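Here is a friendly walk through one model, meant to be read with the viewer open. Please keep the structure at hand as you go.

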Amino acid sequence: MRNVGPGDNTGHELQQQKKPPGSKKGGSSSSNNNKKQQQPQQRTKRRSRAPTKSFEMRLFELQAFKGVKGHCKVPYGWEPNPSLAEWVKHVRRGCIKLSDEQRTQLNTLGFDWENASARFQREWMQQYDRLKAYKLEFGNCRVPWKYEPDQSLADWVCTQRKKHAKGKMRADRKKDLDAIGFTWNALGNSNTANANANANAGTTSSSASGNKQKRKTSITTTKGKDTKKRKHDNNTNDDGDANLASASLVVESIKAELQQQKRQAAAASSKTEARVTVKL
């Protein structure tokens, strides 16, 4: 066996050849640590939550809201106090536990426990009942687009058709509308309306043509009467002219007779004077 002296490098070489397991891994981990030290440490900032208000404070804010608006229906995301709107929403959904005394205080204030989904269902059923009343009165569900007696019903009908066309109609609501004979195709309604309008127009045109024919007949009859009257007037005028002519002839004859009588009288008087002169 060879003895290793202090100047001999054989032992050092053997130590480099026989590296302990994991020495390479240890080297890489040290390099990673160096990289982490070089990178700036980024600290995540946590948002500080606002202190939770007590029930009495929320009740006071809700009383102030009712004093201004007249109700307790705080809209979602109300800008003057969004936290109050959020609290009201959680109370309606039952996310906040309330005691019987707190519920009594809210009921006394007039708190609206109806959530959005329940309100939408109630409003939908109200319009549905109006549509049934419309059908009882007119015999169909074809509410016109512009319906002055109840424009909200007309808008609601259009909304149901749009939802059905987009595939967003609930199955139970579609079943209820089909039960009363709801017309899903608005274009079909317009065609039917046009057909009715054309039928009415045809009836109007036929009646108008009939009235026109009657007017023509009456005009022809009137013309005939006028023609007969004119002929009668002309005949009457001719007769009058003939009578006038005959009367003028009679007058002329009378004048001629009078002149002849005057001549005779003048001749007789001249003969008488001549006789008297001869006797003297």
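## The chain as a whole

Please keep in mind that this is a predicted model. The protein chain holds nine helices and zero strands, so there is no strand to look for when reading the pattern α-α-α-α-α-α-α-α-α along the sequence. Of its 280 residues, 16% count as buried. If you take the contacts between residues at least 6 apart in sequence, 39% of them join residues at least 24 apart.

How do the helices pack against one another? Two pairs are set out here, with the angle and the axis separation for each.

| Helix pair | Angle between axes | Distance between axes |
|---|---|---|
| Helix 3 (residues 55-69) and helix 5 (residues 100-109) | about 5 degrees | 11 Å |
| Helix 6 (residues 116-138) and helix 7 (residues 151-165) | about 105 degrees | 10 Å |

Let us take helix 3 and helix 5 to begin with. At an angle of about 5 degrees, these two helices are therefore roughly parallel to each other. On the helix 3 side, the contact is made by Phe55, Leu59, Leu62, Gln63 and Lys66, and they meet Gln102, Gln105, Leu106 and Leu109 of helix 5. Sorted by class, the residues of this contact are five nonpolar, three polar and one charged.

Helix 6 and helix 7 give another arrangement to look at. With about 105 degrees between them, helix 6 and helix 7 are therefore roughly perpendicular to each other. Helix 6 brings Trp124, Gln127, Tyr128, Arg130, Leu131 and Tyr134 to the contact, while helix 7 brings Ser152, Leu153, Trp156, Val157 and Gln160. Here the classes come to seven nonpolar, three polar and one charged residues.

How many aromatic pairs does a search of the whole structure find? The search finds eight. One of them joins tryptophan 124 and tyrosine 128, which are stacked, with 5.4 Å from centre to centre and 10 degrees between the planes. These two residues are four apart in helix 6, which means that about one helical turn separates them. Both tryptophan 124 and tyrosine 128 are buried.

Tryptophan 124 also pairs with tryptophan 156, this time edge-to-face, at 5.5 Å centre to centre and 65 degrees between the planes. This pair links distant parts of the chain, since tryptophan 124 belongs to helix 6 and tryptophan 156 to helix 7, 32 residues apart. Tryptophan 156 is buried, as is tryptophan 124. Taken together, Trp124, Tyr128 and Trp156 form one aromatic cluster.

Glutamine 127, also in helix 6, belongs to the picture too. Its relative accessible area is 14%, so glutamine 127 is buried.

## A glutamate in helix 3

Is glutamate 61 buried or exposed? This residue of helix 3 has a relative accessibility of 14%, and therefore counts as buried. Leaving out neighbours within four places in sequence, the contacts of glutamate 61 are Lys53, Asn81 and Leu84.

## Two loop residues

Arginine 142 sits in the loop between helix 6 and helix 7. With a relative accessible area of 32%, arginine 142 is partly exposed. Its C-alpha atom is separated by 8.7 Å from that of valine 157, 15 residues apart along the chain.

Glycine 181 is found in the loop between helix 8 (171-179) and helix 9 (186-279). Glycine 181 has a relative accessible area of 41% and is partly exposed. What does glycine 181 touch, not counting residues up to four places away in sequence? The partners are Lys135 and Cys141. Glycine 181 and asparagine 140 are 41 residues apart in sequence, yet their C-alpha atoms are 7.4 Å apart in space.

Definitions and conventions
Residues are numbered from 1 along each chain as its sequence is written. This is a predicted model: local features need pLDDT of at least 70, side-chain atom pairs count only at pLDDT 80 or more; totals for chains, interfaces and linings use all residues. Side-chain values use heavy atoms; hydrogens and water are left out. Axes are lines fitted to C-alpha atoms, for helices over the stretch in contact, and angles run from 0 to 180 degrees between N-to-C directions. Angles under 35 degrees count as roughly parallel, over 145 as roughly antiparallel, 65 to 115 as roughly perpendicular and the rest as oblique. Contact means heavy atoms within 4.5 Å. Ala, Val, Leu, Ile, Met, Phe, Trp, Tyr, Cys and Pro count as nonpolar, Asp, Glu, Lys and Arg as charged, and the others, Gly among them, as polar. Buried means under 20% relative accessible area, exposed over 50%, partly exposed in between (1.4 Å probe, protein chains only). Rings of Phe, Tyr and Trp (its six-membered ring) pair if their centres lie within 6.5 Å; planes under 30 degrees apart count as stacked, over 60 as edge-to-face and the rest as tilted.
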